[in-house]
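Q: I would like to learn how to read a sheet and a domain contact. Can we work through a case together?

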Amino acid sequence: MSDLELTTGPTTAQTRAKVQASIKRRYRAEMRFRAYGLFATMLGVLFVFLLFFSVFSKGWSIFGQHYVKLDVFYDAAVLDPSGTRNPDTLRSADYQALVRASLRAGFPTVEGRRELRELTGLVSSGASMQLQRAVMQNPTLIGTRDDQWVLASSQVDWLLKGRTTRNASEDERRLSDAQVTWLDALQADQCIERRFNKQFFTAGDSRDPELAGVGGALAGSLLTLLVTLLLSFPIGAAAAIYLEEFAPPETRVTDLIEVNINNLAAVPSIVFGLLGLSIFIGFFGMPRSATLVGGLVLTLLTLPTIIIASRAAIKAVPPSIREAALGMGASKIQCVVHHVLPLAMPGMLTGAIIGMARALGETAPLLMIGMVAFIVDVPQGIMDPATVLPVQVFLWADSPERGFIERTSGAIIVLLLFLVIMNASAVILRNRFEKRW
Amino acid sequence: MIKQSLSRCLLLSVVTGAAMLVVSSTATAQSARDYISIVGSSTVYPFTAMVAEQFGRRGSFKTPKVESTGTGGGIKLFCNGVGVQHPDMANASRRMNAGEFDTCKRNGVTDVVEMKVGYDGIVLAISKSAKPIKLTRKQVYFALAKQIPDPSNTSIMMPNPYTKWSDIDKSLPAVKIEVLGPPPTSGTRDSFAELYMEAGCRTFPWLNTLRGLDEKRFKRICHTMREDGGYVEAGENDNLIVQKINANPGALGIFGFSYLDENSATLRGVEVDGVMPTFETIAATQYPASRPLFVYIKKAHIGVIPGIKEYTAEYLSEKSLGAEGYLSARGLIPPTKGELTGLRAGVAALKTFTP
């Protein structure tokens, strides 16, 4: 007995020590592993923050825009010398002359072509358009005097937003010393105001930074996604239902289809653009740059994603549900439509939204079908030419004018917001309707 | 309830989806286009777009659509045929060549009107915080070519031995050669190779004669850029090159003149063959590295698509290309006064183009 204890005693102690030592080692390994994971996560978070910081620091000021108050005299001699109030005459009148006259009245000492040009350079070239719109809407303005708030030029906006200082050189400011003095005078008269930049969200593209907006691109993105959703979701869902519920399992044809769908999901997106160009535009003769064609191409792109996600969702419905339905005398189609589909629907919708989010960020396939374009008019229907948000970002980022730096970041903010809304709705849908077994 | 509404929702979307398919297949018989469609060079794009916007603002016609596809891609689309589904005009940062024109003719686009809209200078620029530098095109060739003629026997090519500017010429600063420029897919790169590298190359008589004998070999020798870090491909985006040379004083950048003009606060142009790149020197064709920019017009579409003639008139008008015009303000170097008058007459008379 005691002998036995003597022989086993040290062994248990040894084992214990060994285990103790190994526990420490195992804890250390676990800590290390956790640290790796934490490091990886932090790195990811850091990069997201860097992205947000860089975008928001350049783009936050997009929400404000400076306006200049002009005391405009709608001179009948300039606008409508014949007095007929003919819309064509009114449309093509020289509104820039009104802007010039109004600014000159404020600064009567300004003389000479060069100085006058600098003076009118304080307000945007869109000012004359604004006056034209006002007169077209209300021709009774002609012959009267009225205050109008018009957009300041991009350079003025840049200075007033503090992107450059008054002490900088004329080259750096892109405003002459005289222009800065006039600006100070206008500010002293409270003729300059910073307002919410509504037109950035409603206007189409422009080559003047202060007039350019994401309205056209936003409408283009919405229309394109609408076409994509209406086509890819029903087709994807139907394909998934057939493959999961009706297709003869594990025949060579079914296998072939499955492999191909998985392959298709990994094909580079530019290939779909080429396909769209040759089929939809080349063969069917659809118009270039139309959101309809964009939607069709993005449908091809998102279909595999949606089919794969929908199949997974249908597979997750337990067989007992199907067996119970069939056992109660439901037909196969009743079983699918009444029981399987409603239960799989949240998963399928999540897949569809994630596919849509991918489609929202695509530019490469759209290049081939002519959606990388300068389009001023906001699209009204699916046959109108349009561009989309990521393409707008690409086009502005490549523009030499300095004011587009802010616009680019502003468009990225809108795009990110759009993406966040879509992904959040996917999460909400899942949490709300998903059933766990 | 939820289950039923969900499945009904699916059914509904199946039906609408099917309806959309029908709509899209009948869309083939599209109605006549009422706006001008323009494709082509990304260098000409900002200017053509600017004119399109001004043209649309007048309200008599819809704003033309301008695509940025690159010169080659644009001309290919333009030459695809006659009809509303094909573009009406093509922007080009070089002349349309004979091969492209043949494709055009084969597809029925027989009558094309050429409109020269101005010049673009390919400039070398350096950060203002670095020391100014003056170069000749031969020095640029020595700095950037992959192979150069051996100084001891110029008929033999050898790998580029130069690492510092001072290795090429004692008068140049002892700074590492580092030039940032566009990749081979860019039109700016093509022009750079033609205007700088070829010019430097042709200062050697045997290479100059080779150009006539074996153009392929000539291009291989003269257009190939070094790959050991002296020339850095910095991407298609010219703004990126501007940012990079600002961050790295001492490095040179290659881009179009409008980017130098817009960033004159931080960048300085490099004097080439004794001429500074400025608006005036490029306009007067004193600056050695400038290229003409073109817009091609499909004659068969005039009268079918509304506003083409009016649009070209706007492009060549005093308001846009005049000394104080809006295009000149954005860095496009307009044709000379005499050229403009000729151009206006030629385009108005729809003089057709042959390469």
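Predicted model: local features only at pLDDT ≥ 70, side-chain atom pairs only at ≥ 80, totals over all residues.

Q: Where do I start with a sheet, and what is the strand order in chain A?

A: Start with the pairing. Strands of a sheet pair through backbone hydrogen bonds, either parallel or antiparallel. Here three strands form an open sheet in chain A, ordered β2-β1-β3, and the pairing is antiparallel.

Q: Which are the edge strands?

A: In chain A they are β2 (145-151) and β3 (192-196), since each pairs on one side only. From one strand to the next, the twist averages 40°.

Q: How many bridges join β1 and β2 of chain A?

A: Seven bridges, in the antiparallel sense, link β1(A), residues 64-73, to β2(A).

Q: Now the domains. How is chain A divided?

A: Into domain 1 (2-60), domain 2 (62-203) and domain 3 (215-433). The C-alpha centres of domains 2 and 3 of chain A lie 45 Å apart. Their contact takes seven residues from each of these two domains.

Q: Which elements give two or more residues to the domain 2 side of that contact?

A: Helices α7 (154-160) and α10 (199-202) of chain A. The largest share, three residues, comes from α10(A).

Q: What is the residue make-up of the domain 2 side that touches domain 3 in chain A?

A: Five nonpolar, two polar and no charged residues.

Conventions:
Residues numbered from 1 in each chain as written. Chains lettered and ligands numbered in written order. Pairing = 2+ DSSP bridges. Helix = DSSP H or I, 4+ residues; strand = E, 2+ residues; numbered from the N terminus. Axes fitted to C-alpha atoms, helices over the stretch in contact; angles between N-to-C directions. Domains from an automatic or database assignment. Nonpolar A, V, L, I, M, F, W, Y, C, P; charged D, E, K, R; others polar.
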